[in-house]
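This report walks through selected helices, their packing and a few individual residues. Please keep the structure in view while reading.

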Amino acid sequence: MAAICEHALNSRLTPPSSSTPVYKEECTQCFDNHDMEGGIEVCLSCFNGGCSEGPHQHAQQHSMRSGHYLTLNIRRIVKAQSSDDERPAKQTKLEICEESDESKYEYQTFVRCWGCSGAKVEDGLENIEPTVQAVIHAVEASKGNEIKAWSEEVTACEHFESLEQSPEEGFDLGKVHQCSTCDKRDNLWMCLVCGHVGCGRRQYDGSGGNNHAIGHFEKTGHRVSIKLGTITPEGTADAYCYACDDNKMDPNLASHLTAFGINVSAQQKTEKSIAELQLEQNLKFDFSMTTADGVKLQPVAGPGLTGLRNLGNSCYMASVLQCVFGIDRFRDRYFPSAAEHFATCTHTRPAQCVLCQLHKLADGLWSGRYAVLDTNSEGETSHQRGIPPAQFKAAISKDHYEFSTMRQQDAFEFFQHLNKQVNIAERPVAGGSRDPTKVFDFSTEERLQCTQCKKVRYKIQRVSSVSLPVIKRAVEQQPEATGKGGGTQAQKQTFAPVSLKECLDLMTEDETVEGYSCPECKCSTLAVKSTRFATFPKVLAMQVRRFELVNWVPQKLDIPIVVPLDSIDFESYQCRGIQPGEEKLPETEEPEQSVGSEAQPVEEEIDESAVAQLESMGFPRVRCVKAVRKTGNCGAEAAMNWIFEHMDDPDIDVADEPSAHSAATGSDNPSVDPEAVEQLMAMGFDRVRVEKELVNAGGDPNRALDRLLNFDGDSGDAGADASDVAMASPAVAGDESETASKFELTGFVSHKGSSVHCGHYIANVRQGLGTDTQWFLFNDSKVVLQTSPDPEQAYMYFFTRND
């Protein structure tokens with residue numbers, strides 16, 4: 001019998017609104033979910049989700065730390081399915097047939113009080129029940145983020161804006177819960193002109209509705225309707241215009257519904273929206289896990305062999321995460337200390353804490369608790385279900401221009417973004433000393449020589465990856481085949497294999513710089529520039545630029561690259577530093593301004609790797625720089641999309657003028673936002689540097705953060721001038737080495753598909769040492785033993801240094 005709880009009797013709870021994140025399907029600190037025996041405990045105060053059983057018991061931990069005693073336990077149980085269940089019907093764009101949860105699952109719920117040792121609370125208390133019901137009907141937070149990202153860009157149309165209403169005589173608000181023509185009680189659409197209620201469209205196999213809503217439009221010409229059950233108190237609902245034949249937004253929904261006596265503020269959403277149903281369909285992709293000759297690969301599971309479930313176009317993220325968390329430093333940083341972090345983290349919302357989600361992901365991948373192979377109806381072993389990294393994606397990609405969407409993205413750009421976000425999260429922790437991204441850090445040396453005066457300049461730059469050019473050698477095509485009707489069939493271009501050494505030679509060879517303004521010659525001259533390794537990282541991340549621009553359209557290059565699976569030595573690509581007899585070019589930089597004085601214009605820094613990728617596609621540098629700057633250094637793909645959108649701008653090839661800012665660094669500087677200063681200082685940067693870089697970045701905190709992360713503390717330059725250091729020898733920090741240059745391939749990410757804008761990413765990761773070394777293929781949630789890894793078509797490589 002449920003207890004009479006004083007905490008429950010005295011609670012004053014506020015139900016969640018439609019915009020409040022409710023975590024009711026999965027624990028925010030581990031991957032236990034509502035399908036497990038203990039269910040999920042949803043905090044009725046802040047709506048955090050926690051596990052109540054197993055090794056963690058995060059729900060009780062959250063309650064004791066926050067003082068939120070009441071939780072709603074939700075457990076989902078699969079109903080027995082009939083053996084003659086048919087394959088789900090193919091769905092249409094608008095009227096997607098909903099597969100009701102009620103037909104597949106049974107839900108068990110009860111309220112628990114952790115202030116009373118987890119005892120059950122009496123059902124139906126009037127001060128608690130509204131919040132309980134709101135939680136039960138709320139959309140799971142991670143699904144809400146995905147639905148928002150999947151949603152089409154819905155706009156209003158003239159038919160909603162110029163709507164003239166004339167409710168039909170005898171309109172009865174009590175009859176809107178059933179189709180006016182048949183007995184359908186779900187998927188109902190109400191005409192906003194007269195109030196007629198009709199069911200949705202019939203599917204091709206006869207399922208779904210009976211076409212009575214569209215039939216009403218064809219009979220009366222009433223063009224606009226809304227889906228009942230999707231109306232929220234905030235005044236939103238699924239709306240459709242039959243004249244435009246598209247989903248639309250009704251900007252005056254509240255007033256339009258008032259004509260029928262419907263009070264929007266009193267409505268509660270009870271049905272899935274079109275966006276929610278589209279999301280479900282987009283997650284039903286499946287990819288074959290067979291060899292080229294059709295042999296089915298054997299699924300595996302275990303610690304470090306846990307798959308990541310596809311959220312819908314999230315394979316770019318999953319493939320990178322499998323490679324990154326296969327690195328010892330990442331595993332050792334986040335897996336053993338997960339329990340300790342969860343017990344001490346002060347963040348009030350674990351789902352929004354990047355460090356919490358990093359620990360959660362590591363625990364999910366390496367504990368082995370969730371790596372369980374399924375068994376099909378015939379008793380055969382099938383692939384594991386994997387863990388869904390939805391909360392991790394929401395935290396790591398928050399507010400990002402591209403990664404916060406559900407569109408396919410570039411894996412290398414996500415790797416760069418992941419590095420940056422982990423670095424930011426780790427800075428306040430022990431001064432950043434535990435940051436695992438340091439395994440990728442190293443230095444390159446840029447050497448520039450004027451061909452006229454022969455003087456040189458060396459510059460050391462801090463980087464965390466390299467972008468490798470490829471050599472395009474087309475294979476002679478066979479005569480075109482004759483198709484039906486006498487036409488010819490186009491054949492796919494094929495390319496000869498190139499070695500990794502050839503690509504590295506190309507990356508480090510001398511590059512001609514025309515129009516170089518030599519400070520010694522005092523005129524425009526020709527210069528040569530080259531870039532080589534100054535130090536070597538513990539893990540070398542390498543991208544291959546497998547694309548080119550054809551008629552202003554990026555095309556993927558399927559060029560085989562021969563990469564050795566055993567040891568490879570990069571020593572021949574290491575810099576030599578300034579040599580005896582070489583003379584330095586004069587310095588051209590202006591002296592640093594004193595505090596409070598007027599500064600010279602400071603040009604904002606840009607992502608040179610993104611600029612280089614765009615230039616390799618054939619875009620002019622001015623256009624590339626502008627695009628990267630306009631998209632906030634969010635990567636080559638975002639910049640390329642900006643270029644295509646602004647191709648007709650008259651000033652697209654006109655360089656932006658650098659802006660001048662005051663160089664004052666005092667806290668009373670009006671150009672420095674105190675809130676931005678506090679945010680950046682919370683990441684572990686000191687006030688003087690923060691204020692200086694905010695000034696240099698024109699007050700933009702994102703640009704200032706990029707400068708803080710990439711520049712040395714005492715320098716306003718992207719790299720230190722190596723000519724001032726004997727033999728241009730950089731300081732070696734952390735995992736870097738000046739001498740150890742031998743590496744082995746330990747992971748790679750491959751892109752399957754012919755287009756740079758779509759396709760599928762998979763990862764190959766090596767585990768073990770010596771004779772115990774094994775390769776595994778990660779295809780989202782599916783993991784198999786890979787006996788013959790093929791890195792020839794990889795897009796990203798991870799090489800680990802042999803020390």
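## Overview

The chain contains 22 helices and 31 strands. The model is predicted. Of the 803 residues in the chain, 48% are buried. Among contacts with a separation of 6 or more, 69% join residues 24 or more positions apart.

## Helices with one buried face

Start with α2, residues 58-66. Its buried residues are His58, Ala59, His62 and Ser63. They span an arc of only 140 degrees around the axis, which puts them on the same side of α2. The cover over these buried residues includes β1 (40-43), β2 (49-51) and α12 (338-344). Gly67 follows α2, and its phi is positive, near 80 degrees.

Helix α7 covers residues 212-220, and Ala213, Ile214 and His216 are buried in it. Viewed down the axis of α7, the buried residues fall within an arc of 150 degrees, so they line one face of the helix. Glu218 and Lys219 are exposed, on the face of α7 turned away from its buried side. What lies over the buried residues includes β6 (188-191) and β7 (197-199). After α7 comes Gly221, with a positive phi near 80 degrees.

Leu500, Cys503, Leu504 and Thr508 are its buried residues. Down the axis of α16 they fall within an arc of 125 degrees, so they too line one face of the helix.

## Two helix pairs

How do the axes of α13 and α15 cross, and at what angle? Helix α13 spans residues 354-366 and helix α15 spans residues 411-426. Their axes come within 9 Å and cross at roughly 115 degrees. The two helices are therefore roughly perpendicular to each other. Their crossing is left-handed. On the α13 side, the contact is made by Val354, Leu355 and Leu358. They meet Gln421, Val422, Ala425 and Glu426 of α15. By type, the residues of this contact are 5 nonpolar, 1 polar and 1 charged.

The second pair joins α20 (residues 674-681) and α21 (residues 687-696). These helices pack at an angle of about 130 degrees, with their axes 9 Å apart. That makes α20 oblique to α21. The crossing of α20 and α21 is right-handed. Ala676, Val677, Glu678, Leu680 and Met681 in α20 face Arg687, Val690, Glu691 and Leu694 in α21 across the contact. The residues of this contact divide into 6 nonpolar, no polar and 3 charged.

Leu418 sits in helix α15. Is Leu418 buried or exposed? Its relative accessibility is 1%, so Leu418 counts as buried. Leaving aside residues up to four places away in sequence, Leu418 touches Val320, Leu321, Val324, Phe392 and Ile396. Thr437 is 19 residues from Leu418 along the chain, and their C-alpha atoms are separated by 9.1 Å.

Ser404 lies in the loop between α14 (390-396) and α15. Ser404 is partly exposed, with a relative accessible area of 34%. Lys393 is 11 residues from Ser404 in sequence, and the two are 7.7 Å apart, C-alpha to C-alpha.

Two loop residues belong here. Phe47 has a positive phi near 65 degrees and is not a glycine. Phe47 is placed in the loop between β1 and β2. Its relative accessible area is 5%, so Phe47 is buried.

Gln57 also has a positive phi, about 50 degrees, although it is not a glycine. Gln57 is in the loop between β2 and α2. At 35% relative accessibility, Gln57 counts as partly exposed.

The table sets out relative accessibility for the individual residues discussed.

| Residue | Relative accessibility | Class |
|---|---|---|
| Leu418 | 1% | buried |
| Phe47 | 5% | buried |
| Ser404 | 34% | partly exposed |
| Gln57 | 35% | partly exposed |

Terms used:
Residues numbered from 1 in each chain as written. Predicted model: local features only at pLDDT ≥ 70, side-chain atom pairs only at ≥ 80, totals over all residues. Heavy atoms only, no water. Buried < 20%, exposed > 50% of the residue type's maximum accessible area, 1.4 Å probe, protein only. Helix = DSSP H or I, 4+ residues; strand = E, 2+ residues; numbered from the N terminus. Arc of directions from axis to C-beta. Contact = heavy atoms within 4.5 Å. Axes fitted to C-alpha atoms, helices over the stretch in contact; angles between N-to-C directions. Parallel < 35°, antiparallel > 145°, perpendicular 65-115°, else oblique. Left-handed = near helix turned anticlockwise from the far one by under 90°. Nonpolar A, V, L, I, M, F, W, Y, C, P; charged D, E, K, R; others polar.
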